[in-house]
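Subject: Structure handover

Hello,

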Amino acid sequence: AQDRVFNFAAGPATLPENVLLRAQSELYNWRGSGMSVMEMSHRGKEFLSIIQKAESDLRTLLDIPSEYSVLFLQGGATTQFAAIPLNLCTAEDTVDYVVTGSWGDKAFKEAQKFCKPKMIWSGKSEKYTKIPSFHELEQNPDAKFLHICANETIHGVEFKDYPTPKNRSGILVADMSSNFCSKPVDVSRFGIIYAGAQKNVGPSGVTIVIIRKDLIGNAQGMTPVMLDYKIHDENNSLYNTPPCYGIYTCGLVFEDLLEQGGLKEVEKKNKKKGEILYNAIDESNGFYKCPVEKSVRSLMNVPFTLKKSELEAEFIKEAAKEKMVQLKGHRSVGGMRASIYNAMPLAGVENLVAFMKKFQARHA
Ligand code: PMP
């Protein structure tokens, strides 16, 4: 629509236009119920149908095996940094963290309060531009789980495959906040997948946890009830008042992704968008530069710098004039970052690339 911008924000991020329009049309009176989803009891039949549909559509999308629970929680992925060690470990247990960016580092630091995590690999000295080769990981056989951040939102580094956990429990845990539902994933390789919704699948306020059922029920005694997976699992995510409207919106996004043909089709579109943007960067004769190693570049978050860094402010300002916003890189790394999640249309990336070429021609 004319009055909307191309929003390259890292999250909260752009949502599919048809989802917004559908939410708008259902806002005032949801399907003849005489009320908005915001006003419904979370225990009424209307909302139960909404959360059940959202779960079942997500199960279809990711082909989630029946021995996994799907939880709709609150507190963001940040709360899961604590909840995971609290639920899976004793205070004396050791766990392995592979740190490929700032989010993995935050997860590692939070875990230090609840167990004995070990950072078995860090990309920090290379400014988080790499993923380690899996055979060089020195995994601890006694680790309770191996933790990765599947896509580092700030640094734009993405796992294209996943390491096999060598710990005795065989558990791999992944923060998929910023590439959740952007491509098919073999859920059976993971003990836990978790993600904040606000990048690919909905508004902030909803956190999705997909957990193998046998990992539920061993929380440390001090675990707050709100962080105990068993409580949420037994109550189908309705132990307390859930973020109802957010869950409803996620449900609309899941329906949209299914209508697009599922995650294989979605991945094709994301690959196309990423290819166009990375090619524009790589073919700019060094005017633009992406520091991330080619084989692990994120299809969701594309960081890049300008050789003439003094032009960055102008780049951002000029882009905004052409209705492309939120291109400033994270304060910790500078430069630009274009987040091109599922809901960023191809036209948005094409516009950006055309703008980048014009901007370069003007300043070469
Ligand atoms: N992990 C990743 C990969 C993220 O991108 C973010 C948010 N940008 C977080 C964790 C933290 O999520 P939240 O703000 O939902 O707690």
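Two strands pair if DSSP finds at least two bridges between them. Helices (H or I, at least four residues) and strands (E, at least two) are DSSP runs, numbered from the N terminus. This is a predicted model: local features need pLDDT of at least 70, side-chain atom pairs count only at pLDDT 80 or more, and totals for chains, interfaces and linings use all residues. Residue numbers start from 1 along each chain as its sequence is written.

The sheet. E11, E12 and E14 form an open, antiparallel sheet of three strands, in that order. Strands E11 (288-289) and E14 (336-339) are the edges, each pairing on one side only. Two bridges join E11 to E12 (residues 301-306). Tyrosine 288 sits opposite leucine 306 in E12.

The ligand. A residue is near a molecule if its C-beta atom, placed from the backbone, lies within 6 Å of it. The residues around the ligand include Gly11, Trp103, Cys149, Asp175 and Gly196. Helix H3 (residues 76-88) gives the most to this shell, with three residues.

The core. A nonpolar core is a set of buried Ala, Val, Leu, Ile, Met, Phe, Trp, Tyr and Cys residues joined through C-beta atoms within 7 Å. Buried means that 20 or more other C-beta atoms lie within 10 Å of the residue's own, all placed from the backbone. The largest such core has 105 residues, and Ile192, Ile211 and Ile247 have the most contacts inside it. Helix H6 (residues 244-259) supplies the largest share of this core, nine residues.

Best wishes

Technical notes: Buried ≥ 20, exposed ≤ 12 C-beta atoms within 10 Å, placed from the backbone.
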